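Please open the model in your viewer and keep the sequence panel beside it, as the stops below go from the whole chain to two individual side chains.

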Amino acid sequence: MRVARALSAALLTLGLAAAPAAADASPSPSQDDTSAPTQAGTSFRTATEIEQGQRATASGSTGDYLYWSFPADTGQRPTVKATVKLPETHAPQTWQIDVYDGLRRRQACQYGAQTRTAAADTTSVELACVLRTVRAWSEPWADDPLPGTYYVRLTATGVATADLGLPVGSEVRVDSEDIGGSAAVDGSLAEPLVPGVATKPEEEQEKAAVLAGLEPEDGWASGWWSDRWVWTAIGGILAALAGVGGYALTRGTGRPSRVPPGA
């Protein structure tokens, strides 16, 4: 009976502890598209900032480089999607989307159509890039995604001379999946990789980096907490209860009543 009560309490604890983790993993509501940007930058320095969940649009010309930037935090796996609306008449064109981190290192896509060729009769082309999960910390020599600002570059490659300068329209949207404790690592960055963080005054070094115009809705993660702590604690409790239950089942009920004490 005592073992049953203990198991019931453990299951209740499991439910209460898992609830916050499940709530944290739920996606945030999309941003209002009416406030989304309607133009793109032409370089890293002039990249247009967008929030995750926003659908940004921009008009440009074939051959231009279009840039956007967005914040990505620890434990997120960003997915960048772009749609290019082409003119009615054009030669075959190859469009490509690239994503760079706060150090302007090009990040590889786990999967997705990062490059696509549009035939002469195609009116639009869709691109996608699913990045690796953002880590709280990494070795200096590694190329892992780290918390901070990310840059999206959209351009056409191998364009025919006759198509250069033709008007095109573009749509870009960034969403993230919260991976949680399965991607947690020990350690964290002192500051997220955002523009201007290296030039902060000395008296502001201990404050959170806010030099980029955008940051995650709940602020930058400190790097020490993840739901891995919750599941580790739950695993320890269940292991202890399993030990108590096994002992209770194997120790028996004591000396049988028919056996005299001196036997």
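This is a predicted model: local features need pLDDT of at least 70, side-chain atom pairs count only at pLDDT 80 or more; totals for chains, interfaces and linings use all residues.

Residues are numbered from 1 along each chain as its sequence is written, and side-chain values use heavy atoms, with hydrogens and water left out.

Colour the chain by secondary structure: there are two helices and 10 strands, taken as DSSP runs (helices H or I, at least four residues; strands E, at least two) and numbered from the N terminus. Their order from the N terminus is α-β-β-β-β-β-β-β-β-β-β-α. Of the 263 residues, 38% count as buried, that is, under 20% relative accessible area with a 1.4 Å probe and protein chains only.

Next, select Gln52, in the loop between β1 (48-49) and β2 (55-61); it counts as buried because its relative accessibility is 19%. Its side chain makes a polar contact of 2.7 Å with the side chain of Ser176, a polar contact being a pair of N or O atoms within 3.5 Å, where within protein one must be able to donate a hydrogen and the other to accept it, and residues adjacent in sequence count only if both atoms are side-chain atoms. A polar atom of the Gln52 side chain also lies 2.7 Å from the backbone oxygen of Pro71.

Finally, move to Asp101, in the loop between β5 (93-100) and β6 (106-107), which is buried, with a relative accessible area of 1%. The side chains of Asp101 and Arg105 are joined by a polar contact of 2.7 Å. Leaving aside residues up to four places away in sequence, Asp101 touches Gln107, Thr149, Tyr150 and Tyr151, where contact means heavy atoms within 4.5 Å.

Definitions and conventions:
Buried means under 20% relative accessible area, exposed over 50%, partly exposed in between (1.4 Å probe, protein chains only).
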